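Try each task before you read its solution.

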Amino acid sequence: MANDFESMIPPAGRRRDTLRCDAPDTGALRSRVLEARARARAEGTWMLESRAGEGGLIQRSPIQPVPFRVGRARSRDLVLPSPHVSKNHAEIYSDGEALRVRDLGSRNGTFLNRQPVADAALHLGDVLHIGDFEFRVASENGAESADTVRTKAHRGTLSHQFATDASDIRDLLKEQKVTMVFQPIVDLPGGRTVACEALGQGRHPDLPESPVELFEIAGEVGPQAQVELSQLFRRRAVEMVKDRPEVPLLFLNTHPAELQLPGLVESLEELRAFAPNVDLILEIHETALTQTDFIVWLRTRLMEINVGLAYDDFGAGQARLFELAEAPPHYLKFDRRFITGIDHAPNSRQRLVASLVAAGRELLVQTIAEGVETAEEAAACIRAGFSHAQGYYFGRPGPVEKL
């Protein structure tokens, strides 16, 4: 590791190496330093090996400079873009004699040879896991080349803390360790809260709170786990509102996997029997409109059990007007990209939004502007003809007591 150990190990000739050492210790210290420098020259530059995809090519990242910091933040020496990697996750540094890895208080931990570590020495051939990335410690001139070592560094095989997250997500589902927050939906132009959207959060000590990350981890187990998580969120939301004196119209989310697997309607039938007094609206993403026959069938089944239908993020991909006419929902939630900055948008964009709102009105569909964050955006949405709005301007997600 000639080019970086030179900067990490104090040269033998510097007085400060031995200035505070007793005479009997001086020789031993010099010997250790000289041995470390000799090993570094023999081994060449140390690096982290990782594989680009299963069976892909080996990629090598030199451990330079030292300290070598790893994390999700763009300022790190090695950037790992994953929600399972903390912004400042770990660092590789020198103690004067060897390279060591130190966890920087990351959420998911740093693992060396399958064991969690806070601070540990590195050796050639060690397997290092940071979040859901796997690396092998190697050297430029090492005797073991990347082509002859069976254990390769890559992302995937031992992802998510060696599948411990998979066990944790099963525990979360079994013990129902989730809660819900609720964001108000208001009518326009009055601004009165008439409904709310239920948003799930994790409450497992070893898993993230974010529903996006939870669904990603559940996906490592399989789509059925994602379905169960989505059903759990809906059940918990209904449990939290059903006994309140004034029960709001409740918007409940779905996961795309639920449109591919059986059980969606049955889960809603159970909710309806559990809380017959709660008015429910089921949100599905507007991309599901490509399955027109299925959506028509789903809408009919939902109406039979008195559950409404909403299309979420309308216009995020393309405004599917023909499919919208074939299977009109009760509510149409416009993607926030239509809404952000609408008050100072070009007239052409404002006219487009107003025409889409008018098309919904012709189909007897209630239109909701998502992501309204300012009074000016709210006023522009009123001018465009929206019947409802949702966003931080009207209220952030919060506990059910604040509805």
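**Exercise 1.** Find what lies over the face of Y93.

Solution. R102 lies there, at 3.9 Å from the ring centre. The rule for a charge over a ring: NZ of Lys or CZ of Arg is within 6 Å of the ring centre and within 35 degrees of the ring normal. Now go to Y392: the charged end of R396 sits over its ring, 3.9 Å from the centre.

Some ground rules. This is a predicted model, in which local features need pLDDT of at least 70, side-chain atom pairs count only at pLDDT 80 or more, and totals for chains, interfaces and linings use all residues. Residues are numbered from 1 along each chain as its sequence is written, and side-chain values use heavy atoms, with hydrogens and water left out.

**Exercise 2.** State how many aromatic pairs the structure holds, then classify F314 with F334.

Solution. The structure holds eight aromatic pairs. Rings of Phe, Tyr and Trp (its six-membered ring) pair if their centres lie within 6.5 Å; planes under 30 degrees apart count as stacked, over 60 as edge-to-face and the rest as tilted. The centres of F314 and F334 are 5.3 Å apart and the planes at 70 degrees, so this pair is edge-to-face. F314 is in strand β16 and F334 in strand β17, 20 residues apart.

Key. Helix = DSSP H or I, 4+ residues; strand = E, 2+ residues; numbered from the N terminus.
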